[in-house]
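Please look at the sequence and the model below before reading on. The paragraphs that follow go through helices, their contacts and some charged pairs.

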Amino acid sequence: MSAVEASGEPEPDRPVPRRLLTARGLGDRLFRYQLTATGLAVLAIMAAVGLFLLLRAAQALRVRGLKFLTTAAWQPDVHNFGIAAVLTSTLLIAAVAVTISVPLAVGTALFISDVAPRRLRRTLVTMVDLMAAVPSVVYGLWGLFFLQQHVIGLSRWLSDWLGWIPLFTVDGTRPGEPLASESVYTASTFVAGIVVALMVAPIQCSVMREVFAQAPAGEREGAYALGATRWGMIRAVVLPYGKGGIIGGTMLGLGRALGETIAVYLIISPVFVIQPHILQTGSNSVSSLIALHYGDASTFGMSALMAAGLALFLLTLAVNFTASSIVARSRSGAQSEA
């Protein structure tokens, strides 16, 4: 029993919190409706693209069924076709590209956000953004006529020293053989992967840089106050905070690498066998397959190409949805959604 009740005096009225009502103005309502309509339109367009590919690919999928995923040959006119070979090479090219581009993008983003002088940052940001704007055909021509001949030595060295790993094996060569033909190292998955890596690195760097720059200033200063070096501060504050940006930028670059067409088409020598040796000549990709056969495809062949495009579309969606779920659980991703 309270002291007021014990004394017999009436208990004073307790203040009741007033309920706050948010009155949205006309501009706020219109803005909300516009954003909702935009989001629904994006989903509708994605669903329409997937439905279009499914309808156009239905004929080929009915003929092949699950064999479409396990057949390496591409002979749609005789109903012997599948994406086992081109999908394998697509994943290998994307894996090589991401393996090279992610360290490059992370290092560049950290240098711009935490190391470079302030007067130099704007210039570096502009240069990185300009690299992202270069057309893919330019990268393809550069890789075909310049990069490829300078990478042959590296491919030979990797084959000599790491050839015991199946991924780096080159058929028809022996370690240390000085007279081995250079043609076995050209038009390979490795060369295509390097070119694609240089194409996706600026996009990854831009995403990571924006996230690194948003790391809390108080935590940065606290790390310095505790005696951390610049690298210690980056390792303890910036990298854990930017984990979502690293994953998101990596997956965004992976999606771009999976669908790259012109640059890969110019470099590779198309083969329709499962080719796991990344240093050896001969590779393929789903997008290059479509570009190569689109002009002379029959009606059934066009349906087969649409089926290949549908597989690439679903693969890209799976990569992006996986990335978004991982980013949402990270610290930077959770704060960006709040």
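Helices are DSSP runs of H or I with at least four residues, strands are runs of E with at least two, and both are numbered from the N terminus. The model is predicted, so local features need pLDDT of at least 70 and side-chain atom pairs count only at pLDDT 80 or more, while totals for chains, interfaces and linings use all residues. Residues are numbered from 1 along each chain as its sequence is written, and side-chain values use heavy atoms, with hydrogens and water left out.

Start with proline 202, which lies in helix H7. Proline 202 has a relative accessible area of 3% and is therefore buried; buried means under 20% relative accessible area, exposed means over 50%, and partly exposed lies in between, with a 1.4 Å probe and protein chains only. Leaving aside residues up to four places away in sequence, proline 202 touches Val128, Met131 and Ala132, where contact means heavy atoms within 4.5 Å. From proline 202 to isoleucine 262 the separation is 60 residues in sequence and 18 Å in space, C-alpha to C-alpha.

Helix H7 (residues 189–213) also packs on helix H6 (residues 136–162): their axes come within 8 Å and cross at roughly 130°. Axes here are lines fitted to C-alpha atoms, for helices over the stretch in contact, and angles run from 0 to 180 degrees between N-to-C directions. The angle makes H6 oblique to H7, because angles under 35 degrees count as roughly parallel, over 145 as roughly antiparallel, 65 to 115 as roughly perpendicular and the rest as oblique. The crossing of H6 and H7 is right-handed; this term applies if the near helix is turned clockwise from the far one by less than a right angle, and left-handed applies if anticlockwise. On the H6 side the contact includes Tyr139, Trp142, Leu147 and Leu158, and on the H7 side it includes Phe190, Ile194 and Met199. By class, the contact of H6 with H7 has twelve nonpolar, five polar and no charged residues. Ala, Val, Leu, Ile, Met, Phe, Trp, Tyr, Cys and Pro count as nonpolar, Asp, Glu, Lys and Arg as charged, and the others, Gly among them, as polar.

Now turn to helix H4 (residues 84–115) and helix H5 (residues 118–133), which pack at about 155° with their axes 9 Å apart. That angle makes H4 roughly antiparallel to H5. H4 passes H5 in a left-handed crossing. Thr108, Phe111, Ile112, Ser113 and Asp114 in H4 meet Arg121, Leu124, Val125 and Val128 in H5. This contact of H4 with H5 has five nonpolar, two polar and two charged residues.

Which residue pairs with aspartate 114 in a salt bridge? Its partner is arginine 220, at 2.1 Å from N to O. A salt bridge is a side-chain nitrogen of Lys or Arg within 4 Å of a carboxyl oxygen of Asp or Glu. The pair links distant parts of the chain, with arginine 220 in helix H8 (residues 217–225) and aspartate 114 in helix H4, 106 residues apart. Arginine 220 counts as buried at 13% relative accessibility, and aspartate 114 counts as buried at 8%.

The structure holds three salt bridges. One of them joins arginine 209 and glutamate 210 at 3.4 Å, N to O. Arginine 209 is buried at 9%, whereas glutamate 210 is partly exposed at 43%. Another joins arginine 256 and glutamate 260, with the closest N and O atoms 3.5 Å apart. Here arginine 256 is partly exposed at 28% and glutamate 260 is buried at 7%.
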